[in-house]
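Hello,

Here is the structure I promised to pass on. My notes on it follow below.

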Amino acid sequence: MHSLIRKISEKQFMWFAVVLFIGSIVPILLLGRYNVMRADDYSYGLEVYDTWIKTGSFWEAVKCAAEHTKKFYFSWQGTYASCFLMSMCPMHFNFECAFVVPLIMIGSLSTAIYLLGQQVFVKWLGMRGKYSYPYIGCMFLFLFWQVLCAPSEGIYWYNGALHYVFMQAFMFLMLTAVSGIIWTDSKRNAVIWCILASLDGLLVGGGNLVTGLQAQIMLILLLLYTFLRNRKKIIYVAIPSFCFTAGFLVNILAPGNMARGSGFGGGYDVIESIMLSFYNAMVYMGEWTSLMVILVWLSVVPVMWCAVRDSQKQFRYPGLVTLGIYCIISAMFTPTLFALGEVGILRINNIIQLVYYFGLFSVTAYWLGWITHRTKYVQKYGVVDGAKDKVRQHGNAIVVVVLAAIVMVWVFTVDKNTYTGISALRSIVKGDAETFYEEEMERREMFLDDGMSYVIVDVHTARPHLFSDIDLSWDADYWINQSVTHYYHKKKVVRRVK
């Protein structure tokens, strides 16, 4: 058995990771078939929906979305890119196409994670091995989507997911493009990367402030690195940095931000917000380090070791890199502490959790690179070489055992809602998803009935665990009731009391 395990190739491990990731994602996407509009999907797109119904013109709807964004910029919030895209919710044009929401969110973020990871692990850390990074990347994607802290707000809810998950995806793509500028030897490619990063920067600059602050920090660091190491590229990095910063300033200086801020309770001052950010980062990193995270981490460590041991990089500053990543994670808590005086908003936690896992994998690879590139004194006594031999001998066995444990824990965990893919499959098999969707379509028929101005809906008898439990209230003045009432031009919409 041991000899058979030792014969397993890196390519076979890679394909196992690919199949595991795809297999874990399929039920999540299939559950999207039963997805519907929710919460402020209605309020943000009211005017666009009315325009589409009246004119049937997509371009008129686009114009309306632009006007809506302008109005919101001066009256409510400066996130111009998010506001425009949120008002263009696909369900305004076809209510039954909500299945595209998880496709958009999972597709965009998975692509961005994989491409940025390729830059970090292959270009910046110099990993070797044709199949090493694809294995690591797919295992990371499996982990993230299965333990996502708020799937309802990061996968299925259009507005909430677009404002954070989608914008985080494009921020990662922007960093990928800037990294491409730094590492390419072609002037033509540098120009192409520069254009893509600049356009992306204008989009990300108009997104949420958590992602924006993170992007600003990273661009400053990349600009500094380019200035110190390769000044010929400085203009190519400076242009997208300027585009993003300009968009971000337009965002944060919006008149609507002041009006919106006055409606919320005050937050902490700057110093308190920063200090509390460091504290909360430690708390949440501990909370997000579950058994599955540890197992997946263990499954990639031997592969990382082998992939970085022949790297030409020096890995001189593991402590500084670790501190830097911790600071970036911490900074993501600062905007809400400063503006609202709180943390723990689930749709924001989704992207902080992502950055934590990405940082964990990156720091691990860096430390392994540092260990395998120790001083000549350590290498003289064979410490590193001996460790390399042990990894060669036992690495496959470790990976096989851990991968088996991952599958067992994922499939046989007592609470079937612990992991996203298993929970989605459970909701489909039990029929909860179909029942929920049928009841939503019955509500939709009443909303579209011009003869009904006063609509009373029944309580849902079933609901997939991964879908938001935010629903209409018995109180007609509840904000969701008001949104639906205005959207369908009714006099009153309420939910029947249980």
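One cut-off first: a residue is buried under 20% relative accessible area, exposed over 50%, and partly exposed in between. Please keep in mind that this is a predicted model.

Overall picture. The chain has 24 helices and 2 strands. The C-alpha trace spans about 85 × 55 × 45 Å along its principal axes. Buried residues make up 53% of the chain. Of the contacts with a separation of 6 or more, 81% join residues 24 or more positions apart.

Charges. I count 41 positive and 33 negative side chains, with the centres of the two sets 16 Å apart. There are 8 salt bridges.

Arg496 and Asp458 form one of them, at 2.6 Å from N to O. Arg496 follows β2, while Asp458 sits in the loop between β1 and α24, so the pair ties together parts 38 residues apart in sequence. Arg496 is partly exposed because its relative accessibility is 41%. Asp458, at 48%, is also partly exposed. Elsewhere, shared partners link Glu440, Arg443, Arg463 and Asp471 into one salt-bridge network.

Lys63 and Glu60 pair at 3.4 Å. Both lie in helix α5, 3 residues apart, about one turn of the helix. Lys63 is exposed at 51%, whereas Glu60 is partly exposed at 32%.

Arg309 and Asp310 meet at 4.0 Å. Arg309 is buried, at 16%. Asp310 is partly exposed, at 41%.

Best wishes

Note on methods:
Residues numbered from 1 in each chain as written. Predicted model: local features only at pLDDT ≥ 70, side-chain atom pairs only at ≥ 80, totals over all residues. Heavy atoms only, no water. Helix = DSSP H or I, 4+ residues; strand = E, 2+ residues; numbered from the N terminus. Buried < 20%, exposed > 50% of the residue type's maximum accessible area, 1.4 Å probe, protein only. Contact = heavy atoms within 4.5 Å. Lys, Arg positive; Asp, Glu negative; His and termini not counted. Charge placed at Lys NZ, Arg CZ, Asp CG, Glu CD. Salt bridge = Lys/Arg side-chain N within 4 Å of Asp/Glu carboxyl O.
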